[in-house]
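Take a look at the chain shown here.

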Amino acid sequence: MKVFISYTRRDPNKESAIIGQRLARFLISHGIDVVFDELSFNHGKFIANEMTENIYQCDKFIFLASDNTLKSKYVLYELNHARNRAIQLLPESFIHIVCITDDNSLNYLPDELKAFLCHIAYDKSELLLFYEQSRPK
């Protein structure tokens, strides 16, 4: 299995980056191939091409959503390709949204993203959250 982790570096407290790093290490330790920017992308290559290639090669796309995530042009680019990949893989679940903010209403997500499988991370132990992401669907 290969998993792409999408997050932003724009969170003031770096929460999505920290959770992304921990999630990547956890999944790798369980034998899952992970695409996470600081671990996976080659310096000197055009990053948009690498993101696109990796999204279309992955079995699962995990989107770490916070209030600031959708302000990133890279995240929006990744989500656009992830939606296209999700259509290719129907009826398989491809996009998994992990909400890492205390706004459990998901109001900050656009309506088209609310249709995907959402996991609420707030007030969960990291171990439980990571288990949810690593178990086969």
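Cysteine 58 counts as buried because its relative accessibility is 0%, and the cut-off for buried is under 20%. Cysteine 99 is buried too, with a relative accessible area of 0%. Keep in mind that this is a predicted model.

How many disulfides does a search of the whole structure find? The search finds zero.

## The overall layout

The chain has six helices and five strands. The elements run β-α-β-α-α-β-α-β-α-β-α.

The chain has 137 residues, and 47% of them count as buried. Its accessible surface comes to about 7300 Å². Carbon and sulfur atoms account for 51% of that surface.

Now consider contacts between residues at least 6 apart in sequence. Of these, 63% join residues at least 24 apart.

## Helix α1

Helix α1 covers residues 15-29, which makes 15 residues. From its first C-alpha to its last, α1 reaches 21 Å. That is close to the 21 Å expected at 1.5 Å a residue.

Which residues of α1 are buried? They are Ser16, Ala17, Ile19, Gly20, Leu23, Ala24, Phe26 and Leu27. An α-helix has 3.6 residues a turn, so residues three or four places apart point the same way.

After α1 comes glycine 31. The phi of glycine 31 is positive, near 80°.

## The largest nonpolar core

In soluble globular proteins, nonpolar side chains tend to be buried together. In this model, the largest nonpolar core holds 20 residues. Which of them touch the most other members? They are Phe4, Phe61, Phe63, Phe94, Ile95, Ile97 and Leu109.

Four elements are listed as giving two or more residues to this core: α3 (47-57), β3 (60-65), α4 (73-89) and β4 (95-99). The largest share, four residues, comes from α4.

Look at phenylalanine 63, and leave aside its neighbours within four places in sequence. Phenylalanine 63 is then in contact with Ser6, Thr69, Leu70, Val75, Leu79, His96, Ile97, Val98, Leu109 and Leu113. Two of these contacts, Ile97 and Leu109, are also named among the core residues that touch the most other members.

There is also a second, separate core of 16 residues. Its members include Ala17, Phe26, Leu27 and Ile100. Ala17, Phe26 and Leu27 are also among the buried residues of α1.

Key: Residues are numbered from 1 along each chain as its sequence is written. This is a predicted model: local features need pLDDT of at least 70, side-chain atom pairs count only at pLDDT 80 or more; totals for chains, interfaces and linings use all residues. Side-chain values use heavy atoms; hydrogens and water are left out. A nonpolar core is a set of buried Ala, Val, Leu, Ile, Met, Phe, Trp, Tyr and Cys residues joined through side-chain atoms within 4.5 Å. Buried means under 20% relative accessible area, exposed over 50%, partly exposed in between (1.4 Å probe, protein chains only). Contact means heavy atoms within 4.5 Å. The expected span of a helix is 1.5 Å times one less than its number of residues. A disulfide is a pair of cysteine sulfur atoms within 2.5 Å. Accessible areas come from the Shrake-Rupley method with a 1.4 Å probe; for residues, only the protein chains shown count as cover.
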